Amino acid sequence: MAAILQLHPEHPQKRHVDHVVEALHRGGVIIYPTDTVYGLGCDIFNRKAINRIYQIKQAPAGKPLSFVCSDLKDLARYAKNISNASYRMMKRLLPGPYTFILEASRDVPKFMIGKRRTVGIRVPDNPICLEIVQTLGRPVLSTSIAPSGDGSDMNDADSIASRYGKVVDVIVDGGVIVAEPSTVVDLTGEEPEILRASAGEADLY
């Protein structure tokens, strides 16, 4: 069974964060809170762990998956050709409930990049999530635990454990989340394009 760790939503305990990060270093799969839904996660450089997530999600191999960075500086490392206007927009909106589609840099593992050579990157407004990524020192995969993608029926640790306790290594209990998917914005074209309008403001600029 997965270890269930209850973390303070604003001031996550270092010993618990370290435990989660140790699991990620070992190639573990975790469930952790973001500012939109609970997500499945692993080290984006561990292909076996990513394959486990595809199996857990019952998703086709190669389906694009996004990942979490700790800040804009980290984001700039894993994406390229970010225009000044796009950078200013992201600086204003992040951390927040957005997934930005960007051109992948060479630092992104090849098995994380689809045919378009783009990646979905998030910087969620959630202290637990950001502390885990900062302590790990590299991005964490981020995909909703719900097959439907909205996570609305999996918003607390008890319901999550009943369904996923035997197939993941750690469940991070960050309290009840009123689940709503992130707003997805494609920044690879001349103008930003909202691919999915959800949490977050619609007026990007």
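Buried means under 20% relative accessible area, and exposed means over 50%, with partly exposed in between. The model shown is predicted.

**View 1. Arg122 and Asp35 meet in a salt bridge.** The closest N and O atoms of Arg122 and Asp35 are 2.6 Å apart. Arg122 has a relative accessible area of 3%, so Arg122 is buried: the value is under 20%. Asp35 is partly exposed, at 23% relative accessibility. Find Arg122 in strand β7. Find Asp35 in the loop between β2 (30-33) and β3. The two residues sit in parts that are 87 residues apart in sequence, so the pair ties those parts together.

**View 2. A salt bridge links Arg138 and Asp43.** Here the closest N and O atoms are 2.7 Å apart. Arg138 lies in the loop between α5 (127-136) and β8 (140-144). Asp43 lies in the loop between β3 and α2. These parts are 95 residues apart in sequence, and the pair ties them together. Arg138 is partly exposed, at 24%.

View 3. Lys14 is exposed, with a relative accessible area of 61%. Asp18 counts as partly exposed, at 24%. A search of the whole structure finds 6 salt bridges.

**View 4. The largest nonpolar core has 47 residues.** Six residues have the most contacts inside this core: Ile31, Phe67, Met90, Phe100, Ile121 and Val168. Several helices and strands each supply at least two core residues. The helices are α2 (47-57), α3 (72-78), α4 (84-93) and α6 (157-164). The strands are β3 (38-41), β6 and β7. Which element gives the most to this core? Helix α2 does, with 5 residues.

**View 5. Four residues form a positive surface patch.** The patch is made of Lys80, Arg106, Lys110 and Arg117. Look for Arg117 in the loop between β6 (98-104) and β7 (118-122). Is Arg117 buried or exposed? Arg117 has 52% relative accessibility, so Arg117 counts as exposed: the value is over 50%.

View 6. His19 is found in helix α1. His19 is partly exposed, with a relative accessible area of 33%.

**View 7. Gly175 and Leu7 are 168 residues apart along the chain.** A distance of 8.3 Å separates their C-alpha atoms. Where does Gly175 lie? Gly175 is in the loop between β9 (170-173) and β10 (183-186). Gly175 is partly exposed, with a relative accessible area of 28%.

Notes
Residues are numbered from 1 along each chain as its sequence is written. This is a predicted model: local features need pLDDT of at least 70, side-chain atom pairs count only at pLDDT 80 or more; totals for chains, interfaces and linings use all residues. Side-chain values use heavy atoms; hydrogens and water are left out. Patches are made of residues with over 30% relative accessible area and no salt bridge: like charges are joined within 9 Å, nonpolar side chains (Val, Leu, Ile, Met, Phe, Trp, Tyr) within 5 Å. Accessible areas come from the Shrake-Rupley method with a 1.4 Å probe; for residues, only the protein chains shown count as cover. A salt bridge is a side-chain nitrogen of Lys or Arg within 4 Å of a carboxyl oxygen of Asp or Glu. Lys and Arg count as positive and Asp and Glu as negative; His and the chain ends are not counted. The place of a charge is taken as NZ of Lys, CZ of Arg, CG of Asp or CD of Glu. Helices (H or I, at least four residues) and strands (E, at least two) are DSSP runs, numbered from the N terminus. Buried means under 20% relative accessible area, exposed over 50%, partly exposed in between (1.4 Å probe, protein chains only). A nonpolar core is a set of buried Ala, Val, Leu, Ile, Met, Phe, Trp, Tyr and Cys residues joined through side-chain atoms within 4.5 Å.
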